[in-house]
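Hi everyone, thanks for coming along. I have one structure to walk you through today, so let me put it up on the screen.

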Amino acid sequence: MSASERKKYQPLENIKIKLQLNVDNDKEHNFQLLFVGLEQIICNVDTDTIACDLYSVMTITSSTYGRNDGTTCTGSHAPYSSGFPCTIDSTNWVRQHCENKQTCSICPYDIGVDPCENYFKYLTVWYTCSDFDECGSNPCQHGGTCTDLIDGFTCSCYPAYQGTDCAERNDLFDVKYILEEHESTHFSIKALLVLSRLNCARMCTLNNDCYGFEYDVNDHTCQMISAISTIAFGKVHYYVKQF
């Protein structure tokens, strides 16, 4: 019997999963994820490979070992007319070898149990393939947000961290500011309306020309400066960058 006769791939009925997302209190959106099921048959003493496409992994739906009909995997024997069905549930055994893998090679004989004595047997595996979730292991550290890609992922890091997985501390955010009294005149870089003194400090930190800033708690304005004038026109308090 040829390899094509011994190994069969058959599409199962589509498996539909219905998801419901509540966008707000009065709206409901329904989505359907469509998975195409696959079936593979491996004759008793053969070692064969179950495979999904590149960058996808398999989920084992179920599996049986034994015989359900008289014609599949009969070897040199004529079609059987009796003695079937005689099967056992082999789902857990297949999952141990194949679950969440892109490919796996298995031999039914290694199951070590004979559900149909004196009969040729075969293993039937039902499975689905889906893209591997690169974010499943939570690779983004320090609260970073992971986006799954084909054969990879990206991390959106909090400002204080950087790198592929947000593991590296951003030295800019180790900058400290000391409140000092200086002359009121200054060389202005930019005046902004911000929500807090912390936001003003962050913007100054990211600006290499920023010497410090003045923050007005009343109108929430941030005045970033590049230098302090030596001309005395009064006094004002500045937050000065300290490295």
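The link of Cys43 and Cys73 is left-handed, with -80° about the S-S bond. It ties together distant parts of the chain: Cys43 sits in strand 4 (residues 37-43) and Cys73 in the loop between strand 6 and strand 7 (86-89), 30 residues apart. The S to S distance is 2.0 Å, and a disulfide here is a pair of cysteine sulfur atoms within 2.5 Å. Strands (E, at least two residues) and helices (H or I, at least four) are DSSP runs, numbered from the N terminus.

Before I go on, a word on the source: this is a predicted model, where local features need pLDDT of at least 70, side-chain atom pairs count only at pLDDT 80 or more, and totals for chains, interfaces and linings use all residues. Residues are numbered from 1 along each chain as its sequence is written, and side-chain values use heavy atoms, with hydrogens and water left out.

Back to that pair: are the two cysteines buried or exposed? Cys43 is buried, with a relative accessible area of 9%, and Cys73 is buried too, at 5%. Buried means under 20% relative accessible area, exposed over 50%, and partly exposed in between, using a 1.4 Å probe and protein chains only.

How many disulfides does a search of the whole structure find? It finds 9. Among them is Cys204 with Cys210, left-handed with -95° about the S-S bond; Cys204 is buried at 0% and Cys210 is buried at 4%. Another is Cys135 with Cys146, sulfur atoms 2.0 Å apart. Its torsion about the S-S bond is about -80°, so this disulfide is left-handed. Here Cys135 counts as buried at 14%, whereas Cys146 is partly exposed at 23%.

**Salt bridges**

Now for the charges. Side chains of opposite charge can pair when their charged atoms come close. The whole structure has 2 salt bridges, where the cut-off is a side-chain nitrogen of Lys or Arg within 4 Å of a carboxyl oxygen of Asp or Glu. In one, Asp69 pairs with Arg67, the closest N and O atoms being 3.9 Å apart. Arg67 is buried at 0%, while Asp69 is partly exposed at 25%. In the other, Lys121 pairs with Asp114 at 3.1 Å between the closest N and O atoms. Again the lysine, Lys121, is buried, at 6%, and Asp114 is partly exposed, at 41%.

**A strand and its partner**

Have a look at strand 8 (residues 103-106). Strand 8 pairs with strand 5 in the antiparallel sense over 4 bridges; pairing needs at least two DSSP bridges between the strands. The bridge partner of Ala51 in strand 8 is Thr103.

**Around Tyr55**

Tyr55 lies in the loop between strand 5 (48-51) and strand 6 (56-67), and is partly exposed at 38%. Which residues does Asp131 contact, leaving aside its neighbours within four places in sequence? They are Tyr55 and Ser56, with contact meaning heavy atoms within 4.5 Å. Asp131 belongs to strand 9 (residues 122-131) and is exposed, at 62%.

**The whole protein**

To finish, the protein has 3 helices and 18 strands. Of its 243 residues, 33% count as buried. Thanks, and happy to chat!
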